[in-house]
Amino acid sequence: MVFEYAGDGVPSWRGEYTDSAAELGRGEPIEVAGDHILEINVNGPSWAPEDPPEDELPSQEYYERATGGAFEEIFIQGPFEAHSQYLIGLDQERPFQVQLLEDPTRLVVDIAHDE
């Protein structure tokens, strides 16, 4: 998965497996398809409210896998106070890495799969 950012600033991130996922700001539980949840937390960059991004994915939305890949479902939250969260439902805990690329700024989440 690749998340592309526009504007100034470089995001910081943390990726880890979690036993349960919670809604940003409220703490309500979130169900994600799959037996394991990979949680990617991203801080910054943010944008000015008068200049929102043109192609932002809607927050609080589920995205299902169409074909191939290791994940079952992704739930996107944020931004909330310059914090976004990507919850990735997997059939098993798989090795992963998160990498920052520039020009344009992108956060790449690479998950090992069997195919």
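Predicted model: local features only at pLDDT ≥ 70, side-chain atom pairs only at ≥ 80, totals over all residues.

Tutor: Find H83, which belongs to strand β8, running over residues 83–90. Is H83 buried or exposed? Its relative accessible area is 17%, and buried means under 20%, so H83 counts as buried.

Now look at what surrounds this histidine. Leaving out residues up to four places away in sequence, H83 touches L24, N41, V42, N43 and G78. Take G78 from that list: this glycine sits in strand β7, residues 71–80. G78 is buried as well, with a relative accessible area of 14%. Although G78 and V42 are 36 residues apart along the chain, 9.4 Å separates their C-alpha atoms.

Next, the wider picture. In soluble globular proteins, nonpolar side chains tend to be buried together. Here the largest nonpolar core has 16 residues, and those with the most contacts inside it include Y86, I88 and I111. Strands β7 and β8 are among the elements that give two or more residues to this core, along with β1 (2–5), β5 (36–43) and β10 (105–111).

Setting aside neighbours within four places in sequence, I111 is in contact with M1, L38, A70, I88, L90, R94, P95 and F96. Apart from this core lies another one, of 6 residues, including A21, I30, V32 and F75.

Terms used: Residues numbered from 1 in each chain as written. Heavy atoms only, no water. Helix = DSSP H or I, 4+ residues; strand = E, 2+ residues; numbered from the N terminus. Buried < 20%, exposed > 50% of the residue type's maximum accessible area, 1.4 Å probe, protein only. Contact = heavy atoms within 4.5 Å. Core = buried A, V, L, I, M, F, W, Y, C linked by side-chain atoms within 4.5 Å.
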